[in-house]
Amino acid sequence: MSEISARLASVVDALPLVPGMRVVEFGCGPGAAAREVARRLGDGHVLGVDRLSRAIEWAVGGAGVDGATLEFRTGSVETFTLLEGEPPYDLAFAVRVGVLDGRHPDGFAAAVTSIIGALGPGGRLFVDGDEISLGRR
């Protein structure tokens, strides 16, 4: 089992993960945090999304995990939509994604709209380990 950085471990530790959840990570890069979440979810499902196709190539080429189903997809948080027939997610998270952490505020509204569309009722968003209100309940 590969180790993740202390920073990523602290973010994953802050997530309220429950076995069987469906989780999406935006800005997954090479997939280290997504893999760690998958290890903790038992029979759940984790999707890692990154706008860079090279990052997704690295993620797909990385070591597998025992635990949840793990998949990766190229795309941006601002334009993310569920595929036809894809069930919604219970939790979304991101680490150092500019449109969500304040570095690129012009894309924040589009990103939140996309995330709301990807989450089921009661779905939650965490950015850099902190829960972000989605303005719905």
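The buried residues of helix 5 (residues 108-118) pack against strand 1 (22-26), strand 4 (89-94), helix 4 (98-101) and strand 5 (119-127). Contact here means heavy atoms within 4.5 Å, and helices (H or I, at least four residues) and strands (E, at least two) are DSSP runs numbered from the N terminus. This is a predicted model, where local features need pLDDT of at least 70 and side-chain atom pairs count only at pLDDT 80 or more, while totals for chains, interfaces and linings use all residues. Residues are numbered from 1 along each chain as its sequence is written, and side-chain values use heavy atoms, with hydrogens and water left out.

- Which residues of helix 5 are buried? They are Ala111, Val112, Ser114, Ile115 and Ala118; buried means under 20% relative accessible area, exposed over 50%, and partly exposed in between (1.4 Å probe, protein chains only).
- Looking down the axis of helix 5, you'd find those buried residues within an arc of 160 degrees, so they line one face of the helix. The arc is that of the directions from the helix axis to the C-beta atoms.
- Turned away from that buried side is a face with the exposed residues Ala109, Thr113 and Gly117.

- Ala111 sits in helix 5 and counts as buried, with a relative accessibility of 0%.
- If you skip residues up to four places away in sequence, Ala111 touches Val77, Glu78, Val99 and Leu100.
- From Ala111 to Val49 is 62 residues in sequence and 13 Å in space, C-alpha to C-alpha.
- Ser114 also has its place in helix 5, and at 11% relative accessibility Ser114 counts as buried.
- The contacts of Ser114, again not counting residues up to four places away in sequence, are Val77, Glu78, Thr79 and Phe80.

**Helix 1 and its meeting with helix 2**

- Helix 1 (residues 6-14) and helix 2 (residues 32-40) have axes that come within 10 Å and cross at roughly 40 degrees. That makes helix 1 oblique to helix 2.
- A word on those terms: axes are lines fitted to C-alpha atoms, for helices over the stretch in contact, and angles run from 0 to 180 degrees between N-to-C directions. Angles under 35 degrees count as roughly parallel, over 145 as roughly antiparallel, 65 to 115 as roughly perpendicular and the rest as oblique.
- Who makes the contact? From helix 1 come Leu8, Val12 and Asp13, and from helix 2 come Ala32, Ala33, Glu36, Val37 and Arg40.
- Sorted by class, the contact of helix 1 with helix 2 has five nonpolar, no polar and three charged residues. For that sorting, Ala, Val, Leu, Ile, Met, Phe, Trp, Tyr, Cys and Pro count as nonpolar, Asp, Glu, Lys and Arg as charged, and the others, Gly among them, as polar.
- Leu8, Val11 and Val12 are the buried residues in helix 1. Seen down the helix 1 axis, they fall within an arc of 95 degrees, so they line one face of the helix.
- Ala6 and Asp13 are exposed on the other side of helix 1.
- The packing partners of the buried residues of helix 1 are helix 2 and strand 4.

**Helix 3**

- Helix 3 (residues 53-61) has Ala55, Ile56 and Ala59 buried. These cover an arc of only 100 degrees around the axis, which puts them on the same side of helix 3.
- Helix 2, strand 2 (45-50) and strand 3 (69-74) are what the buried residues of helix 3 pack against.

**Loops and the end of strand 5**

- Arg96, in the loop between strand 4 and helix 4, has a phi near 55 degrees, a positive value in a residue other than glycine.
- Asp128 lies in the loop between strand 5 and strand 6 (130-132). Its phi is near 55 degrees too, a positive value in a residue other than glycine, and at 33% relative accessibility Asp128 counts as partly exposed.
- Gly129 lies in the loop between strand 5 and strand 6 and is buried, with a relative accessible area of 16%.
- Leaving aside neighbours within four places in sequence, Gly129 is in contact with Val11 and Ala14.
- Asp130 is found in strand 6 and counts as exposed at 51% relative accessibility.
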